[in-house]
Amino acid sequence: MTHYYDELETQDTQTRQEALIKAVAAQVAHAKNNTVAYGKIFADIKPDELTSVGAIAQLPLTRKSALIELQAAAKPFGGLAAVRPPELTHIFASPGPIYEPGSKRKDFWRFSRALYATGFRKGELVHNCFSYHFVPAGLMLESGAHALECAVIPAGVGQTELQVQTIADLRPDGYVGTPSFLKIILEKADDMGADVSSMKKALVSGEALPPPLREGFKKRGIQVLQCYATADLGVIAYETEAMEGLVIDEGVYVEIVRPGTGEPVADGEVGEVVVTSLNPDYPLIRFATGDLSAIMAGTSPCGRTNRRIKGWMGRADQTAKVRGMFIHPEQVDKVIKRHPEINKARLMVDWIDESDSITLQYETTSHSDALDSAIANSIRDICKVRGNAQVMGLGSLPNDGKVIDDIRKYD
């Protein structure tokens, strides 16, 4: 059984670079000819002149933060998608709302490579605890597992006791989902006296994997690796058994740029992750994710030769990723406007008890427990994650323009 998914993972660095430049040029030509938005954005661009890294760096950015506005003007995908029925199979609704397409293309989000690096193989059973409700996360992992010819338990989120019972009954080989939910399942299994030891590996994403949490899984006999992915782009980079940074996926072209610009920074310098997807159905080109990371020096000890990033290192804007879901300032504004009693507020994002926690801190002259409960319900309805409300003294919130304040620290 080969250690690598395919020969692309160990190809010569120069060969890969040349192939990627040609692929980006071809993708620009395809997008220009087959999408409304890029037909306008690239009206004056000549794809056959994109023959270097420097030339690609001159292309305009498309910002994730602009998708809501783009899609409002041209539903559902802002004119950025090249796929249409009958090849179009899904329209997903991520928080924002932001709509993403799915198509008949095998392994549309390219998760099979990350799953393979985690140790999943043909014929195995995968317990999938990513959400299948509106967002693409569940199907993103499922399509990758099916590309590896693995069977999938579409478990989704919640119903912890049923999760434990199903794992104990069906004996899956591994887990995919957020690390915090895996911890919850394992602790519930302890409470129930259930045997969930069949799971020996896990691919996690959507939130941080601090070393103490990973070590706790290891003590239970589960090797946990992580990947960096978004609903728009699919897998951007994935961890290998070396656990030294994340190897960039073979199906994307990644740049790290100075936040607020499209100018690439030197390797090792922290900047915004900009990705060009080579998926012809949804050809996002120089897509500015709003995430921060940095290119690592050298290649992975695992033998894969593609470049590596240090992983998620924060946000270049105020959008926060909480339990696998993006929360945008526009959503927080909707929560606030739903409750006219609120004079001023900000959403605090923290890491508590090895899990993401969100609290809307707010000022008001008419506080009540009922208002706290109503705000918490609004957070769940609008942001699609559970959160709390906390009243603050009048004039206590800073006047710094922040709508979302991410104060997470991982020990």
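How much volume does the second largest pocket have? It comes to about 430 Å³.

## Ground rules

This is a predicted model, so to speak: local features need pLDDT of at least 70, side-chain atom pairs count only at pLDDT 80 or more, and totals for chains, interfaces and linings use all residues. Residues are numbered from 1 along each chain as its sequence is written, and side-chain values use heavy atoms, with hydrogens and water left out.

## The second largest pocket

A pocket here is an open set of points on a 1 Å grid over the protein atoms alone, where a 1.4 Å probe fits, with protein on both sides within 12 Å along at least five of seven lines; lining residues have an atom within 4 Å of a point. Volume is the space filled by probe spheres set on the points, which are joined across faces, edges and corners.

Of the 21 lining residues, Glu 207, Ala 208, Leu 209, Gln 226 and Trp 312 sit closest to the centre.

## An aromatic pair

Next, the rings: there are six aromatic pairs in the structure (Phe, Tyr or Trp rings, the six-membered one for Trp, with centres within 6.5 Å; planes under 30 degrees apart are stacked, over 60 edge-to-face, the rest tilted). Take Trp 351 and Tyr 410: their ring centres are 5.0 Å apart and the planes meet at 75°, so this pair is edge-to-face.

Trp 351 is buried at 12% relative accessibility, while Tyr 410, at 31%, is partly exposed. Buried means under 20% relative accessible area, exposed over 50%, and partly exposed in between, using a 1.4 Å probe and protein chains only. Elsewhere, ring pairs join Phe 92, Phe 108 and Trp 109 into a cluster.
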